[in-house]
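Notebook open, structure loaded. I'm jotting down what I look up as I go.

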Amino acid sequence: MAYCKIQQAEIFYEDIGEGTPIIMIHGFSPDHRLMSGCMEPVFENRTGWRRIYLDLPGMGQSKNNNEITSSDEMLNAVVEFIQTIIPDQQYVVVGESYGGYIARGIIHKQEQHILGAAFICPVIKPFAKDRIVGKHQIVKTEEKFLKTLTQSELEDFKTKNVVLNESTWVRYNQEIVSGIRIADIPFLEKVQKNYGFSFEVDQSVFSKPSLFLMGKQDAVVGYMDALALQDKYPRGTFATLDKAGHNLQIEQPQLFNALVMEWLARLED
C-alpha cells in the first residue's frame, strides 16, 4: 500500500502481484476494498497479473484533492496516476459503477494502451433521469438472519441490495459500507454537480476482449443502457444476471467469478 502524488491529488493504492497491469476502479463513494474484495478471489490460482487498486480522489485514503471539481478532472487524475505508476505500458482496466464510467473515459483517451476492459454494473448514462431502470425489487431473503439486525441496519441493507442474507450482509459491510463511511462527502457533492463528462464516450469501436456484467434487478443504473453498447464492443460478453442488483459481485459471486475468469482467459489467449 502506498501513495502516488499527482498534480491534483495524492492517490492511495494497493499493488499486488506481477505481470500485466490491471487497473481496478471502484464506484462513487466506496474505496478500493470494493474491487479487491471481489477481484482478488479470482486471482488465487492465477499468475501473471499485477493488480493495482486505487482509491479515487475524495474516497478511501486518497487526499489533497480539493482542486478536483468534475468527472473530467477525476478522469484526468486517474489517467495521470496510471501514467505515473506504469508509464508507457499496456494495461487492462476494470471499473464498477462510476468506475465503469471513468474506465470508458480512459478508453476514450488511451485506447492504444488498453488490452481489454471489464465493467461491473457500469454507469452508462451519467444522469439518473436518462437511465432505463426498474423499481427496487428484493428477490431473496433470509428471514432468520434479518431478525438479528437493528432497524437502521435492516433499512439500509434492504434499500441497497436485492439478496438479503448473511453472506451478502458481511461483504456489503466489509467491502462497500466501510469505504462509504470515510468518503469526503462535501467533495463528492461538488463533483456530482459536474458528474457527466464534457465529451461523448464510446465514440470509437473497442475491439479488445471485454466484459459487461449487469444486474437484472439493478435499480441504480439498470442493464438496458449497457446492452445498447454491443456494437461498440464487438468482442464483449454482455451478461445480465438474475438475482443481482447494483452489488452484483457480492450477490452472485459464483457467476461473477466464472465470467471474470473466462474474460481473463480470453485476454491470455
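This is a predicted model: local features need pLDDT of at least 70, side-chain atom pairs count only at pLDDT 80 or more; totals for chains, interfaces and linings use all residues.

I started at Pro 186, which sits in helix H7, residues 185–192 (helices, H or I, are DSSP runs of at least four residues and strands, E, of at least two, numbered from the N terminus). Is Pro 186 buried or exposed? It counts as exposed, because its relative accessibility is 59% (exposed is over 50%, buried under 20%, partly exposed in between, using a 1.4 Å probe and protein chains only).

Residues are numbered from 1 along each chain as its sequence is written, and side-chain values use heavy atoms, without hydrogens or water.

Next I looked at Glu 14, in strand E2, residues 10–16. Glu 14 is buried but has no salt bridge (a Lys or Arg side-chain nitrogen within 4 Å of an Asp or Glu carboxyl oxygen). The nearest side chain of opposite charge is Arg 33, 8.0 Å away (Lys and Arg count as positive, Asp and Glu as negative; His and the chain ends are not counted). Leaving aside neighbours within four places in sequence, I found Glu 14 in contact with residues including Met 1, Arg 51 and Tyr 53 (contact means heavy atoms within 4.5 Å).

Last, I noted that Phe 157 is among the H5 residues that meet H6, where Trp 169 is one of the partners.
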